[in-house]
Amino acid sequence: IKKNNLRLTYIGRIIKRKKLDLIVDSTLDSNVNLTIIGKPFPESSWSKSLIKKIKFQKHIKYYPELSKEEIIKILDNSDIFIMPSINETFGVVYIEAMSRGLPIIFSKGTGVDNTFSCDVGVSIEHHSIAHIKQAIEKISNNFYIFSTNAKNEAKKFNWNKISEKFINIYSKLFTNEK
């Protein structure tokens, strides 16, 4: 990780509750590069205005959509995944980013909050530029720990492990019925 050239990535829909506008604003006067992957859905005057703003920023790369391979390449060349979405139920994209060793920035009280046995990133409680910058700073100062934790915790979401758990649950249910 290069603190003087941090690389953040956001992957998701471009809608207000994802707080992408706040992410963009938090990178305007800093040494952070931002990659955004996603389309507005539904398209609105808010999303059109934000995309227009994004396209004028030299430190931001915007891709409406990419292939799986291209996304993996971007994640592998990133330092932090950020999506401080409000009312996020879970967001598999967090796990996908973690599996590539990226610490995550997310909103307190959403689906991934308190899901893991160790710190895989930083939750923000108040949606402000200051709190996003503090989260970025905390991760950059402890990157190795957060990155290692993220990668290890993502392994728990391996489909083989998950399917084993489901099989065990169902076999117990059916055994108890008899």
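Here are some notes on the chain, going from overall build to single residues.

1. Ground rules. This is a predicted model, where local features need pLDDT of at least 70 and side-chain atom pairs count only at pLDDT 80 or more, while totals for chains, interfaces and linings use all residues. Residues are numbered from 1 along each chain as its sequence is written, and side-chain values use heavy atoms, with hydrogens and water left out.

2. Elements. The chain holds 7 helices and 6 strands; helices are DSSP runs of H or I with at least four residues, strands are runs of E with at least two, and both are numbered from the N terminus. Starting at the N terminus, the order reads β-α-β-α-β-α-β-α-β-β-α-α-α.

3. Overall size. The radius of gyration comes to 18 Å, close to the 16 Å that the globule rule gives for 178 residues, so the chain is as compact as a globular protein of that length. Along the principal axes, the C-alpha atoms fill a box of roughly 65 × 35 × 35 Å.

4. Buried residues account for 42% of the 178; buried means under 20% relative accessible area, exposed over 50%, and partly exposed in between, with a 1.4 Å probe and protein chains only. Take contacts (heavy atoms within 4.5 Å) between residues at least 6 apart in sequence: 67% of them join residues at least 24 apart.

5. Six strands make an open sheet in the order 3-2-1-4-5-6, with parallel pairing; a pair of strands needs at least two DSSP bridges between them. Strand 3 (60–63) and strand 6 (121–124) are the edges, each pairing on one side only. From one strand to the next, the twist averages 20 degrees.

6. Pairings worth a look. Strands 2 and 3 pair in the parallel sense over 4 bridges, and Ile36 has Tyr62 of strand 3 as its bridge partner. Strands 4 and 5 also run parallel, joined by 3 bridges; here Ile82 is partnered by Ile105 in strand 5. Strand 5 is covered on both faces, with Ile104 and Phe106 buried on one side and Ile105 and Ser107 buried on the other.

7. Helices on the sheet. Helix 5 (residues 129–141) lies across strand 1, strand 4 (80–83), strand 5 (104–107) and strand 6, at about 165 degrees to strand 6. That angle is between N-to-C directions on a 0 to 180 degrees scale, using lines fitted to C-alpha atoms, for helices over the stretch in contact.

8. Lys18. This lysine sits in the loop between strand 1 and helix 1, and yet Lys18 counts as buried because its relative accessibility is 7%. Its side chain makes a polar contact of 3.0 Å with that of Glu88. Such a contact is a pair of N or O atoms within 3.5 Å; within protein, one must be able to donate a hydrogen and the other to accept it, and residues adjacent in sequence count only if both atoms are side-chain atoms. Leaving out residues up to four places away in sequence, Lys18 touches Tyr10, Arg13, Ile23, Met83, Pro84, Ser85 and Glu88.

9. Ser30. Look in the loop between helix 1 (20–27) and strand 2 (32–37) for this one. Ser30 is partly exposed, at 31% relative accessible area. A polar atom of the Ser30 side chain lies 3.2 Å from the backbone oxygen of Thr27.

How values were computed:
Rg over C-alpha atoms; globule rule 2.2 N^0.38 Å.
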